[in-house]
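Me: Hey, I've got a new structure open. Can you walk me through it?

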Amino acid sequence: MKHPSSREFFAYWDTKRGTARAPDRADIDPAAVRGLLGDIFVLSCEPHLGFPFRVAGTRVCALAGRDLKDASFAALFNEASRREIEEITTIVADESLGAIAGVTAAREDGSKAYLELLLLPFNARPHTPVSVTGVLAPFDDECGALGPFALTSWRYLHQPEKLLPRAIRKLQIARGLMVYEGLR
């Protein structure tokens, strides 16, 4: 992590999660990260809607040039990066695994702006909406509204000892009668 906002928010998130894979959404106190709120966002994990924003900080909205409430996160990215950002966000949510990414975007004058994207999961509870939080912070404070974002690099932040495949995790929260075909 290169951006101070990313480092500070990750440190706070890491403290709140303790020994768990991720903290509960209720454990994150906005007052504790008051200075970062402009760079922080929360996404609803609805891939068919492009991961809509539940909450977006003022600086994140300024980078997009509009209010992002209920807007698609994936739609902020160009066609070449959209599928990849959808996959990364899905894995962050499903596997409770944080990710960091380098992002570029075009300024109004045509020059490139460089940003850092941090995606962090919340603890998923059965029968509650799944969401992801994060930081989108430019390295230059004078960015203004930017064009479509492009992923330049990304990596996962830590590798848990054992990842549960998404299909197994979904079966863990299933209730009632389960029919397994092909078994005797």
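**Overall layout**

Me: What does the secondary structure come to?
Reply: The protein chain has 4 helices and 6 strands; helices (H or I, at least four residues) and strands (E, at least two) are DSSP runs, numbered from the N terminus. This is a predicted model, where local features need pLDDT of at least 70, side-chain atom pairs count only at pLDDT 80 or more, and totals for chains, interfaces and linings use all residues. Residues are numbered from 1 along each chain as its sequence is written, and side-chain values use heavy atoms, leaving out hydrogens and water.

Me: And what's the strand order in the sheet?
Reply: The order is 2-1-5-4-3-6 in an open sheet of 6 strands, with antiparallel pairing (two strands pair if DSSP finds at least two bridges between them). Strand 2 (53-56) and strand 6 (149-156) stand at the edges with a single partner strand each, so one side of each has no neighbour in the sheet.

Me: How many bridges link strand 4 and strand 5?
Reply: Those two, residues 112-121 and 131-138, pair over 7 bridges in the antiparallel sense. Leu115 stands opposite Pro138 in strand 5.

Me: Switching topic: where is Ser6, and is it buried or exposed?
Reply: Ser6 sits in helix 1 (residues 4-17). Ser6 is buried, because its relative accessible area is 0%; buried means under 20%, exposed over 50%, partly exposed in between (1.4 Å probe, protein chains only).

Me: Which residues does Ser6 touch?
Reply: Leaving out residues up to four places away in sequence, Ser6 touches Met1, Ile100, Glu116, Leu118 and Val135, where contact means heavy atoms within 4.5 Å.
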